[in-house]
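The sequence and the structure are shown first.

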Amino acid sequence: MERAVASTAVSGIGLVAAGVVACIAAPMAAAQSARRAWLGVWLIAAAVAASVAAATMWRKARRLRTSLLSKPGRKLLLNLSPPIFAGALLTCELARRGDFDVLPAMWMLLYGAGVITGGAFSVRLVPTMGACFMVAGAFGLLFPAWQNVLLAISFGGLHLVFGALISKNHGG
């Protein structure tokens, strides 16, 4: 029964909304001439997307009459949080140093790692999405000139595709 609850904890609708936010942010960020402004666009987008995703997960849990802090919910949070926290700390330090080039790849890699580990308690689509983020992050390291495009493809496109699949196949 715990597995059944965990398998429906991620909101596909929330992932789609996060993807829309990233698709809007990508061209706005790319248009910025200053790297700090570029970072600001992505940080605002991340805050909006995370808020929407959390709200839709809460709504889905409520609809299913379960708690986000149930055992599967806690496992998801405990596995996703460390890579996100590490990414936030590294983002602050790299931005302080003025070293923005590695940020996109780092974000994709750490988010992907968190989604894989957090998704271990969810449907198979979730860790698969995390692996796709890690592949995008690896490409970001290899092809730094493509990092804005890869951010749009990953945080935009991957969230849209996997969110739609989760919504369709796993109850919203």
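## Report on the predicted model

Arg124 is exposed, with a relative accessible area of 72%, where buried means under 20% relative accessible area, exposed over 50% and partly exposed in between (1.4 Å probe, protein chains only). Arg124 sits in the loop between helix 5 (103-118) and helix 6; helices (H or I, at least four residues) and strands (E, at least two) are DSSP runs, numbered from the N terminus. Its C-alpha atom lies 9.9 Å from that of Ile166, although Arg124 and Ile166 are 42 residues apart in sequence.

This is a predicted model, in which local features need pLDDT of at least 70 and side-chain atom pairs count only at pLDDT 80 or more, whereas totals for chains, interfaces and linings use all residues. Residues are numbered from 1 along each chain as its sequence is written, and side-chain values use heavy atoms, with hydrogens and water left out.

**Overall fold**

The protein has seven helices and zero strands, so that from the N terminus on its elements read α-α-α-α-α-α-α. Its radius of gyration is 16 Å, close to the 16 Å that the globule rule gives for 172 residues, and the protein is therefore as compact as a globular protein of that length; the radius is taken over C-alpha atoms, and the rule is 2.2 Å times the number of residues to the power 0.38. Along the principal axes, the C-alpha trace spans about 50 × 25 × 25 Å. Of the 172 residues, 40% count as buried, while the protein exposes about 9000 Å², with carbon and sulfur atoms supplying 72% of that area; accessible areas come from the Shrake-Rupley method with a 1.4 Å probe, and for residues only the protein chains shown count as cover. Among the contacts with a separation of 6 or more, 73% involve residues 24 or more positions apart, contact meaning heavy atoms within 4.5 Å.

**Helix 2 and helix 3**

Two packed helices are described by the angle between their axes and the distance between the axes. Helix 2 (residues 12-30) and helix 3 (residues 35-63) pack at an angle of about 170 degrees, with their axes 9 Å apart. This makes helix 2 roughly antiparallel to helix 3, a class that covers angles over 145 degrees, as against under 35 for roughly parallel, 65 to 115 for roughly perpendicular and the rest for oblique. Axes are lines fitted to C-alpha atoms, for helices over the stretch in contact, and angles run from 0 to 180 degrees between N-to-C directions.

On the side of helix 2 the contact includes Gly14, Ala17, Ala18 and Val21, and on the side of helix 3 it includes Trp38, Val41, Trp42 and Ala45. The residues of this contact divide into 17 nonpolar, two polar and no charged, where Ala, Val, Leu, Ile, Met, Phe, Trp, Tyr, Cys and Pro count as nonpolar, Asp, Glu, Lys and Arg as charged, and the others, Gly among them, as polar.

Ala25, in helix 2, counts as buried at 4% relative accessibility. Not counting residues up to four places away in sequence, Ala25 touches Val41, Trp42 and Ala45.

**Helix 6 and helix 7**

The axes of helix 6 and helix 7 come within 10 Å and cross at roughly 170 degrees, and the two helices are therefore roughly antiparallel to each other. Residues of helix 6 including Met129, Cys132, Phe133 and Ala136 meet residues of helix 7 including Ser154, Phe155, Leu158 and His159. By class, this contact has 14 nonpolar, five polar and no charged residues.

Ser154, in helix 7, counts as buried at 0% relative accessibility. Leaving aside residues up to four places away in sequence, Ser154 touches Met108, Phe133, Ala136 and His159.

Ala138, in helix 6 (residues 125-142), is partly exposed, with a relative accessible area of 34%. Val161, in helix 7 (residues 147-169), is also partly exposed, with a relative accessible area of 48%.

**C-alpha separations**

| Pair | Along the chain | C-alpha to C-alpha |
|---|---|---|
| Ala138 and Ala105 | 33 residues | 6.7 Å |
| Val161 and Gly19 | 142 residues | 8.6 Å |
| Ala25 and Val48 | 23 residues | 11 Å |
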